[in-house]
Amino acid sequence: MIPGELPKLPFIVKPFILYLFLSLSFLAFIYLQTPRHTFKKDPTNHSPDLKIRPGYSSYDVYIERQLNKTLNPKLRQIWTTRDWNRKVEVFSRFFDSLKQRKLLFNGSKALCVGARVGQEVAALKRIGVNDSVGIDLVPYPPLVLKGDFHHQPFDAETFDFEFSNVFDHALYPDKFVGEIERTLKPGGICVLHVALSRRADKYSANDLYSVKPLIELFKQSEVVKVRNVDGFGLDTEVVFRKNKNRNK
Ligand SMILES: C[S@@+](CC[C@H](N)C(=O)[O-])C[C@H]1O[C@@H](n2cnc3c(N)ncnc32)[C@H](O)[C@@H]1O
C-alpha cells in the first residue's frame, strides 16, 4: 500500500457503509419531523428561587405520585390515630397565635388547602373557628372535601382565611396561588408554611429557595408578616392579605 493512500475496503463493506449512512439519515429525518410530545410545564417565568422538579411527564403522573402516599392504608391509619393529637395540638398553637394577631377570628370562614386527613381543620374547630373545611385529592369527610388545589371547587370570594403547608406539592405554583386569591374574599388572609432552608419531601413538585417568588405570585395581595416557625419540617410562615380594592 502506498503511504497516505486509504486501505482498499473489501467489496462487501462498501454497500454496508452506504446502507448505514442512508439509515442514519432517514432516522435523523424522522426524528426532526416528529413533534415533541413533552408535557408543558408551568409556562410562567419564575424567579430562580422557585424550581419545578423535573420528572412529571404528565399531569396524570403527578397526581398518581401524590396519591401514592396519600392513599397508603397503613399511613392513613397512623395519621388518623397515633399522629392525630400531636398534630392537632401543634396546628392549634399556630392558629391561636394568628387569632391573637387579629388575622383569624371565630367567625372566619376558613379553608385548609391540601389538608390530607384534616388535622389542621380539626385544630381550627378546636380553637373556635367552626366554619372550617379542607380540600385534598383524597376526601376525608366531614373535615376534608375532594378537590384539586390547582382548580379549587369553590366560587370566587368564598373564604376569609386560607391555610396551606403544601405549596411544595404544586406543579403549577401560579395556579395554586391564583386559586387561593380567587377564592379569598377581598381583605382575606392566606397563611403559608413553606420550607426554605431544607428540601421538602420526595413527593414535592417544586423547590423554593426564598420568599421572593411567593411575593411575586401573590399579585392581588400584600405581605403582612414573614417569620420563622417549626412546623413539621417547614421553617417559614408567610402571611398575605388580599387587597380590598379589586383594581389593585
Ligand atoms: C405533605 S402532605 C400535607 C398534609 C397536611 N396538610 C398535613 O400537614 O398533615 C401533602 C398533601 O397534599 C395533597 N395534594 C397534593 N397535590 C394536591 C393537589 N393537586 N390538590 C389537592 N391536594 C393535593 C396530598 O394528597 C397530601 O395529602
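A residue is classed as buried if 20 or more other C-beta atoms lie within 10 Å of its own, as exposed if 12 or fewer do, and as partly exposed in between, with C-beta atoms placed from the backbone. Arginine 116 is buried by this rule, because 24 other C-beta atoms lie within 10 Å. The model is predicted: local features need pLDDT of at least 70, side-chain atom pairs count only at pLDDT 80 or more, and totals for chains, interfaces and linings use all residues. Residues are numbered from 1 along each chain as its sequence is written.

Confidence was examined through pLDDT, the predictor's confidence in each residue on a scale from 0 to 100. The mean pLDDT of the protein is 88, and 80% of its residues reach 70 or more. Over residues 30-41, pLDDT stays under 50. For this stretch the model has 4 contacts beyond four places in sequence. A contact is scored when the C-beta atoms of two residues, placed from the backbone, lie within 7 Å. Where pLDDT is low, the predicted coordinates should not be read in detail.

The protein contains 7 helices and 9 strands. These are DSSP runs, numbered from the N terminus: helices are H or I with at least four residues, and strands are E with at least two. Of the 248 residues, 31% are buried. Among contacts with a separation of 6 or more, 66% join residues 24 or more positions apart.

Strand β9 (residues 234-242) takes part in two antiparallel pairings, one with β6 and one with β8. Two strands count as paired if DSSP finds at least two bridges between them. The pairing of β9 with β6 (residues 184-194) runs over 6 bridges. Here histidine 193 has glutamate 237 of β9 as its bridge partner. Strand β8 (residues 221-231) is joined to β9 by 8 bridges. The hairpin of β8 and β9 has 2 residues between the strands. Phenylalanine 232 is found in this loop. Its phi is positive, about 50°, although phenylalanine 232 is not a glycine. Phenylalanine 232 counts as partly exposed because it has 13 C-beta neighbours inside 10 Å.

The largest nonpolar core has 49 residues. Such a core is a set of buried Ala, Val, Leu, Ile, Met, Phe, Trp, Tyr and Cys residues joined through C-beta atoms within 7 Å. Phe95 and Val121 have the most contacts inside this core. Strand β6 gives the most to the core, with 6 residues. In soluble globular proteins, nonpolar side chains tend to be buried together.

Val121 belongs to the buried set of α5, along with Gln119, Glu120, Ala122, Ala123 and Leu124. Helix α5 is largely enclosed by the rest of the structure, because 6 of its 8 residues are buried. Those buried residues pack against α4 (84-100), β2, β3, β4 and β5 (159-164). Leaving out residues up to four places away in sequence, valine 121 touches Cys112, Ala115, Ser132, Val133, Gly134, Leu143 and Val144. Glycine 128 follows α5 and has a positive phi, near 105°.

Arginine 116 is found between β2 (110-113) and α5. Arginine 116 has a positive phi of about 50° although it is not a glycine. Proline 142 lies in the loop between β3 and β4 (144-146). The peptide bond from proline 141 to proline 142 is cis, with omega near 5°.

Tryptophan 79, in helix α3 (residues 73-80), touches Arg116 and Val117, not counting residues up to four places away in sequence. Tryptophan 79 is partly exposed, because 18 other C-beta atoms lie within 10 Å. Its C-alpha atom is separated by 8.7 Å from that of glutamine 119, 40 residues apart along the chain.

The ligand is surrounded by 18 residues; the closest are Gln66, Thr70, Gly114, Arg116 and Phe149. By class, the shell has 7 nonpolar, 7 polar and 4 charged residues. Ala, Val, Leu, Ile, Met, Phe, Trp, Tyr, Cys and Pro count as nonpolar, Asp, Glu, Lys and Arg as charged, and the others, Gly among them, as polar.

Definitions and conventions
A residue is near a molecule or strand if its C-beta atom, placed from the backbone, lies within 6 Å of it.
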